[in-house]
Amino acid sequence: MQRLNGRERILTALRREEPDVVPHMELWFSPVVADKILPGGSIEDVTEYLDIDGIAYYTVSMEKYDILDGGKGIIRDKWGVIKRDTGQTTPHPIEAPIKSEKDLEAYIPPDPDDPSRYEPLKKMVGRFKGERAIVAIIEQPFMRVNEIRGAQDHFMDMIVNPNLILQLNDIVVAHHLKTIKNFIEIGADVIGFSGDLATKDGPMASPRHLEKFGIDPLGKLVAFAHRHGLPCILHSDGNIMPIMELLLGSGGIDGLHPIDPVAGLDIGVMKEKYGDRVCLIGSIDCGPLMMWGTKEQVRLAVKENIRKAGQGGGLIAASSHSIQSKTKPENYVEMVKAIREYGR
């Protein structure tokens with residue numbers, strides 16, 4: 001088979017076809033681990049150093065915040081959500097800006113055309129375009145509305161005040177359509193959507209409510225990307241099995257991440273049931289294995305991952321969530337080596 005570059009491998013897998021080697025990339029990568037692998041190096045440097053097939057740009061991780069209380073790490077994001085910064089990739093929301101319908105009257109979402117949001121993406125495109133897949137990630141509407149309204153009120157409103165949630169969905173979808181348009185014009189190869197729809201026990205709401213308030217608005221964004229020729233990846237932890245048909249139907253996604261083993265998902269079962277309809281991404285344990293396991297254990301996990309889901313293509317080998325700050329750098333390097341070895 002002809003040797004492909006990283007971009008070609010990722011796009012081939014997303015078409016559910018078989019590339020020359022099972023591709024690899026991570027949607028989130030701790031800069032702490034990058035610095036340990038390549039002292040003084042960035043995530044972009046490690047991507048090139050290890051010849052990783054793709055790289056992700058996540059708008060939230062590049063977000064500029066208003067500092068409300070530096071000592072306590074209390075900040076406000078551009079959507080007006082007050083959060084606590086714990087030093088990890090994404091701060092934790094603690095207060096929502098939309099406490100009632102009256103708050104909608106004066107609510108102004110962030111500017112999707114703010115050029116500062118796109119500078120890191122432009123640098124990635126300048127460095128990697130045509131060689132490695134560039135995945136531009138934005139929050140899926142369900143997650144964004146959940147933060148704007150507040151989690152408890154969001155879930156209650158699906159039943160007692162659905163029109164408010166539909167209005168918030170419209171605000172987020174309009175913003176995201178402009179953002180995705182900018183991603184495409186800058187040169188992204190793939191659009192990613194983050195934000196969980198399920199816990200380890202099952203979907204966060206009934207399939208009927210998730211379809212109306214989460215998956216339908218997501219589908220509008222996916223359809224827009226598809227009209228411009230870009231495939232779409234959805235990230236959702238948890239047991240999403242009861243809503244898989246919705247994700248592949250009205251959701252229209254091309255890739256699913258991370259096939260969460262903590263929620264009981266087995267990538268072999270997912271391959272058998274859905275491998276002809278969606279590219280599977282992930283499932284190599286990002287927790288105890290990558291943090292405390294041995295290199296040999298990592299190699300065995302990679303081998304099993306590819307044995308279960310690599311045949312015929314449609315697999316992007318990756319961790320079961322992200323390369324977190326506590327990941328042993330030598331384990332990640334071993335994972336990349338093993339994917340190259342066993343993925344041929």
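At what angle do helix α12 and helix α13 pack, and how far apart are their axes? In this predicted model, where residues are numbered from 1 along each chain, local features need pLDDT of at least 70 and side-chain atom pairs count only at pLDDT 80 or more, while totals for chains, interfaces and linings use all residues. Side-chain values use heavy atoms, leaving out hydrogens and water.

**The α12 and α13 pair**
- Helix α12 (residues 295-309) packs against helix α13 (residues 329-342) at about 40 degrees, with the axes 9 Å apart; axes are lines fitted to C-alpha atoms over the stretch in contact, and angles run from 0 to 180 degrees between N-to-C directions.
- That makes α12 oblique to α13 (under 35 degrees is roughly parallel, over 145 roughly antiparallel, 65 to 115 roughly perpendicular, the rest oblique).
- Residues making the contact (heavy atoms within 4.5 Å) include Val298, Val302 and Ile306 of α12 and Met335, Ala338 and Ile339 of α13.

**Helix α4**
- Leu121, Met124, Val125 and Phe128 are the buried residues of α4 (residues 119-128); buried means under 20% relative accessible area, exposed over 50%, and partly exposed in between, with a 1.4 Å probe and protein chains only.
- Those buried residues fall within an arc of 100 degrees seen down the axis, so they line one face of α4 (the arc is that of directions from the helix axis to the C-beta atoms).
- Lys123 and Gly126 are exposed on the face turned away from that buried side.
- The cover over the buried residues of α4 includes α3, β1, β6 and α7.

**Ser322**
- Ser322 is in the loop between β13 and α13, and it counts as buried because its relative accessibility is 6%.
- Beyond its neighbours within four places in sequence, Ser322 contacts Glu26, Trp28 and Cys286.

Definitions and conventions: Helix = DSSP H or I, 4+ residues; strand = E, 2+ residues; numbered from the N terminus.
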